[in-house]
Amino acid sequence: MKSILILGAGLVTRPLVQYLLKHDFRVRIASRTLSKAEKLIGDHPNGEAIQWTVDKKDELRKMIGATDLTVSLLPANYHPLVAEMCIELGKNMATTSYISQAMKALDEPAKKAGVVILNESGVDPGIDHMSAMRIIHSVKDKGGKVVSFMSYCGGLPAPDANTNPYGYKFSWSPKGVLLAGKNDGKYRKDGKEIFVPGAKLFSHFWHIDIPDIGQLEAYPNRDCLGYIDLYGLQGISTMFRGTLRYKGWCDTMKAIVDLGYLDTTEKDWTDKTFVDLGWQLLGKKPSGDLRTAFAEKLNIPIDSFILNNLEWLGLFSREPLPLKKGGVIDIMTARMLEKMSYKNGERDMIILFHHFIAEFPGGKKEEITSTLIDYGIPHGDSSMSRTVSLPAAVGARLILEGKFTKPGVWVPVIPELYNPILDELETMGIKCKEESKKL
């Protein structure tokens with residue numbers, strides 16, 4: 001029986017574990033919190049829970065050496081360490097995270113060791129790559145070329161669970177969501193490269209209509225220009241990857257950024273309240289009404305919905321801060337997690353929307369869209385957990401069953417990977433709807 005080591009037992013791990021156990025693999029979960037791993041395994045005879053922390057490198061090496069494949073669901077900065085050990089020990093690996101430069105540098109060593117390291121096998125990145133490449137290759141097979149590609153993805157509350165003024169609830173790492181709001185954006189529009197510094201990310205958004213959902217906000221998701229070569233779209237006029245949110249998110253988050261609430265500098269907050277924090281961020285001694293001071297700082301009306309949203313979060317309250325030490329971003333993480341978590345039985349929703357313009361011989365043009373709208377299961381797995389972890393689970397199965405054996409550091413943009421993974425996901429109800437029309 002082939003064995004799989006899963007590092008981490010977080011919010012997205014359960015569907016991965018259940019899929020692999022269902023397909024008769026031995027699954028070992030190593031987690032800092034043993035109870036989380038034990039809960040995921042249950043009483044399954046082929047499962048094992050292990051208490052482990054990332055500082056125990058000798059234990060990690062032993063676990064990897066005793067396993068056929070390792071799935072790392074650790075924070076992304078740990079993936080290269082795990083990959084180096086996998087290469088050293090001749091073991092395969094999969095992650096759902098973006099490939100870092102450190103991971104890219106392991107491509108040749110992996111090839112020499114005969115090791116497969118599959119990355120970006122989640123939803124975004126992951127299903128977005130695979131569903132896009134299926135269309136891109138189809139266009140090329142017909143003699144055409146893609147001249148414009150705009151891709152959007154968002155993890156949101158389902159409309160029936162959209163019950164707070166932010167239009168957002170946390171289905172994965174809360175701090176990760178906030179840190180993503182500090183990333184620079186870069187894309188190409190009509191042949192012109194556009195750079196958006198992280199500090200202005202939430203000022204740079206527009207609205208887009210999503211079939212069956214309505215109008216949402218879209219803003220840049222990191223630097224997408226590297227995907228031009230990866231997707232084989234050299235010379236493309238427009239290339240964009242963006243994040244989707246309900247209306248009002250960007251204006252509110254811009255205020256949060258501008259006020260300094262995403263600062264990562266660790267400080268002592270003993271005996272401080274949210275009001276104290278607000279005045280400290282303004283660099284002023286308490287004087288008058290904090291809401292009025294914020295309105296003046298942001299140059300917005302005192303009755304702005306933005307200030308209403310900050311008040312709903314409790315930022316004007318005299319409640320004690322949830323942490324005694326940490327960055328302001330850590331305080332915000334704790335507060336948002338308290339106020340913006342899913343209640344029992346509420347559904348989340350994943351939206352993935354691709355928009356292509358393709359040109360064909362004879363001057364013909366075609367508009368192609370691909371839409372994935374997936375909902376969480378009430379009292380069951382979230383859509384985020386399913387769409388993030390199941391592609392990695394299917395990818396791991398392909399590797400372990402010898403159906404994908406090309407060594408190296410991979411992203412699933414080749415037919416040998418994306419076709420079987422997308423086909424398997426369809427059997428689990430995760431399916432992209434493709435439509436096209438002539439222009």
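Contact here means that heavy atoms lie within 4.5 Å. The structure is a predicted model, in which local features need pLDDT of at least 70, side-chain atom pairs count only at pLDDT 80 or more, and totals for chains, interfaces and linings use all residues. Residues are numbered from 1 along each chain as its sequence is written, and side-chain values use heavy atoms, with hydrogens and water left out.

Asparagine 119 sits in the loop between β6 (116–118) and α7 (127–141); helices (H or I, at least four residues) and strands (E, at least two) are DSSP runs numbered from the N terminus. With a relative accessible area of 1%, asparagine 119 is buried, where buried means under 20%, exposed over 50% and partly exposed in between (1.4 Å probe, protein chains only). Apart from neighbours within four places in sequence, its contacts are Thr95, Ser97, Ile99, Met103, Val409, Trp410, Val411 and Pro412.

Asparagine 119 also belongs to the lining of the largest cavity, together with Ala76, His79, Pro80, Ser97, Tyr98, Ile99, Ser100 and Met103. On a 1 Å grid over the protein atoms alone, a cavity is a set of points where a 1.4 Å probe fits but cannot get out, and lining residues have an atom within 4 Å of a point. The lining comprises five nonpolar, four polar and no charged residues, with Ala, Val, Leu, Ile, Met, Phe, Trp, Tyr, Cys and Pro counted as nonpolar, Asp, Glu, Lys and Arg as charged, and the others, Gly among them, as polar.

Helix α3 (residues 57–65) has Leu60, Met63 and Ile64 as buried residues. They lie on the same side of α3 because they cover an arc of only 95° around the axis, the arc being that of the directions from the helix axis to the C-beta atoms. Their cover includes β1 (3–7), β2 (26–31), β3 (47–51), β4 (69–72) and α4 (79–89). Exposed Asp58 and Lys62 are carried on the face of α3 turned away from its buried side.

Most residues other than glycine have a negative phi, and most peptide bonds are trans. Aspartate 24, in the loop between α1 (14–22) and β2, has a positive phi near 65° and is exposed at 54% relative accessibility. Aspartate 271, in the loop between β13 (267–268) and α11 (274–282), has a positive phi of about 65° and is exposed at 74%. A cis peptide bond, with omega about 10°, joins aspartate 124 and proline 125; proline 125 lies in the loop between β6 and α7.

Terms used
1 Å grid on protein atoms, 1.4 Å probe; cavity = no way out; pocket = protein on both sides within 12 Å on 5 of 7 lines; lining within 4 Å.
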